[in-house]
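Subject: Structure handover

Hello,

Here is the structure you asked to look at. Please keep it open while you read the notes below it.

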Amino acid sequence: MLKGYVPPYNATVVQKLLDKGAVLMGKTNLDEFAMGSGSTDGVFGPVKNPWSYSKQYREKRKQKAHGENEDSNWLITGGSSGGSAAAVAAFTCFAALGSDTGGSTRNPAAHCGVVGFKPSYGLVSRHGLIPLVNSMDVPGILTRCVDDAAIVLGMLAGHDPKDSTTIQDPVKPFTLPTFADVNKLCIGIPKEYLAPELSSEVRSFWSKAANLFESEGAKVIEVSLPHTSYSIVCYHVLCTSEVASNMARFDGLEYGHRCDINVSTEAMYAATRREGFNDVVRGRILSGNFFLLKENYENYFIKAQKVRRLIANDFVNVFNSGVDVLLTPTTLSEAVPYLEFIKEDNRTRSAQDDIFTQAVNMAGLPAVSVPVALSNQGLPIGLQFIGRAFCDQQLLKIAKWFEKQVQFPVIQLQELMDDCSSDFEIEKLSSVSLKQ
Amino acid sequence: MAALVVRLSCLGKRWVLACIDGGSRHGRGAAIGLTSRRKRGQSSVAQQPLIAVQKSRKGEREWAAVVGLEIHAQISSNSKLFSGSQVHFAAPPNSLVSFFDASLPGTLPVLNRRCVEAAVMTGLALNCRINKKSLFDRKHYFYADLPAGYQITQQRLPIAVNGCLAYSVSVGKKPSQVSTRTVRIKQIQLEQDSGKSLHDEPRSQTLIDLNRAGVGLLEVVLEPDMSCGEEAASAVRELQLILQALGTSQANMAEGQLRVDANISVHHPGEPLGVRTEVKNLNSARFLAKAIDFEIKRQIHELENGRKILNETRSFDDKLGCTMPMRDKEGKQDYRFMPEPNLPPLLLYDTASLPPGADPQQVINIDWIRERLPELPGKTREKLIQQYGMLPEHSFTLLNEVGLLEFFQNVIKETRAEPKKVTSWVLNIFLGFLKQQNLAVNESPVTPSALAELLNLLDRKAISSSAARQVFEELWRSKGKTPSQIVSEKKLELMQDQEALERVCHTVMEGHPQVGVEGRRKAMHFSAC
């Protein structure tokens, strides 16, 4: 729909970075309209995880399949902000911006071994962020380390008159101090997040992390978020409803793709929207409109809003009981090969992969995915910290301490660069699509 | 033909006197009978019997009509409701469109303070309860002049509710037969205007101008307490005056700043309300009355012939004088209302609830606004009656004619003549001339000063009243001359000198001996006037 569209203005977050002297490297690939958890459903094609070409992964694979075309089984980045995560992971840039509505920044961060930060809703301006779900979207920050994320957040946070949902107070840039009071911390482990589909590796890293905090004197307790099991369904009702509304503006009249039919306005609208949207988007629009119909509104939309309130209250209750931060997995497992990922449709995958991340968006809380270690296959695994609303700095402080403890390895792409003789390889490696 | 019948029956206004469902319509005074007593303020709640009733051709039972109105008034503000682009009439197409108005992705609404104040002022002037918390919603439908595919409005919880509007209608042939009615205001809400579609039939295309898209509107919903075109037109006229007095809207129907949709149904008294139709695109008070009366007549006619009324939208063709179906709707359109997620609830305060240390730029204090409300038309009329002793119907005429009140007040300032005299001259003679030549007050060739001077001459008996009329006619015809000039030119001065006067009389009488006696008497009269 927006192929060829050049926006005539900068998003507030982009402008703030430019004003501080940042150099824009390019725009990255993503799932169309940020709908998806694999970055596989974009107009420009799917995004490939740089770790597919890393020494760490390749070495492990050589032990398994032989004679296989090395590039046919590349891995997904996760999504929907996969391009941004890949760009940062491949050292293409200092930092990248993504969006996070149900985990779209944290998910690919975990799969690509980078830091993916979701700020509190209302802390960072959404002006210029093409909306998916206005009441849950935030701009996400992807960097290689927590300090970098803090630098970027310091530049972006604060009131924006152009976004009526931002908090009133201005925010000053800050540097993260070294966190010394780990023994005063209370870490919560939500028991409902121990999902049966969780891979044993991720579970084991999760336990190890909990033990790490405990060994440093922190209090680690099990907590309950009782409405967790309803959050996926609730999210889908609210998400599709807002999507149906937000996508109503794409009619080809003022900007973007317009079809050739001009027999009538209705025919033009219908053809433009059919051509301009992929199946995923169209599916969500149809669902959303269904939920918003007069006869369904009470039973679906209103009910979902009530359940959302319950989910948000779950978090409030837990934080009120003395917990400072929650520790959870970010994803069910490490990145999977593309060919395996596409066996299920977008909706199914999203429902599966958003499980640990999207309740946070419903509650508007800050959260960060920090890379922990490599799996047996040599692929990154990340864990998520969830903080109190508007306690983003505190959250990052803890994440930084944790990052220092785990010493996540740097991706080794050097070998690839060295023996790379054909341009073909480089082209495939780089998952950053530079705007011409 | 049909139109003529409608007018007649409505003038008599007998068949539309619907006190029938009086239970839920408190505060509504119905003028029944031939006596005209202007009722002030709260009219009596009366279950008055109907006097006479529209007898249909087939001699069936009487009908009662029920009319409700939805009025959209463009807010008089510098910029639009949610974006910073300018509000201006008749600018080049698509020259006042911001990114938000064009629905570019990523743009967000930011509420305009002036529009909120305008809504509060209007709500207070219409005796509404101002909701300290109100919400914004999205109303979805696809149309080329609605770039976002939805309109931001206030459906769940509007900014003001439960008010009332008092207006007056004539109930007899004499101008003094005037009655006050009230109509309840259901709510006032803030919402966006859409762009304009210009249909280019020859090229089968539609051109879209988004200058108007996003301009702030006040939608004022009037409960179906009215019963004919004249009542509706009077209510709209009064609302116009109020909005203009407040400055919240220029409310000029010709320029599209005030648009009225009417909801009309008919039923037999005592039976449930009938199916209603909506008549849209009424852009003058006159058309409004005509359209409503036609529609009432049409519905009665349909029902009496055994047909059903469709719940549809109709438009009014003023050339043919009839309403016609507009949209092809098979069922009602579902607007899929949803809360607007980009706008937090709108919170208003009064002096008691104002948070300490609040930034005055960021909060609105209802009490502060109430204390500074301008004088409303009702009050202005009251003052005119008290100050100048004029009749109520005169005060209405003075306010109803654009610019007439100001003209009147300017004349008063410069003349020593009695206010009643001024009133009479302005309303009868001056206004008469204007109407004859179809002019507006600001097009009048006679200035207030000129009229004031003329009245001064009259007041100190320098000229007679018939001479004054002659002078006025001359003033109207030829610009630049003052009354005094005209008087001396035409030798219209009253003779003050008694002796000279007697000499003239004798001369006349000698010339006409037959009419001697008669003449003497008349001459006496002549010198005395």
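Contact here means heavy atoms within 4.5 Å. This is a predicted model, in which local features need pLDDT of at least 70 and side-chain atom pairs count only at pLDDT 80 or more, while totals for chains, interfaces and linings use all residues. Residues are numbered from 1 along each chain as its sequence is written, chains are lettered from A and ligands numbered from 1 in the order in which they are written, and side-chain values use heavy atoms, with hydrogens and water left out.

D209(B) sits in strand β9 of chain B, residues 205-209. Strands (E, at least two residues) and helices (H or I, at least four) are DSSP runs, numbered from the N terminus. Leaving aside neighbours within four places in sequence, D209(B) is in contact with P93(B), N94(B), G195(B) and K196(B). D209(B) is buried but has no salt bridge. Buried means under 20% relative accessible area, exposed over 50%, and partly exposed in between, with a 1.4 Å probe and protein chains only. A salt bridge is a side-chain nitrogen of Lys or Arg within 4 Å of a carboxyl oxygen of Asp or Glu. The nearest side chain of opposite charge to D209(B) is that of K196(B), 6.0 Å away; Lys and Arg count as positive, Asp and Glu as negative, and His and the chain ends are not counted. The side chain of D209(B) does reach the backbone nitrogen of N211(B), at 3.1 Å.

E278(B) is in strand β12, residues 277-282 of chain B. E278(B) counts as buried because its relative accessible area is 16%. Not counting residues up to four places away in sequence, E278(B) touches several residues, including E70(B), D261(B) and R314(B). From E278(B) to S265(B) is 13 residues in sequence and 9.0 Å in space, C-alpha to C-alpha.

Loops in chain A

The peptide bond from G79(A) to S80(A) is cis, with omega near 10°. S80(A) lies in the loop between α2 (55-62) and α3 (82-89) of chain A.

Which value is phi of F91(A) near? Phi of F91(A) is near 65°, which is positive in a residue other than glycine. F91(A) is in the loop between α3 and β1 (95-100) of chain A, and is partly exposed, at 46% relative accessible area. For F390(A), phi is also near 65°. F390(A) is in the loop between β8 (380-386) and α14 (392-406) of chain A, and counts as partly exposed at 43% relative accessibility.

Regards

How values were computed. A polar contact is a pair of N or O atoms within 3.5 Å; within protein, one must be able to donate a hydrogen and the other to accept it, and residues adjacent in sequence count only if both atoms are side-chain atoms.
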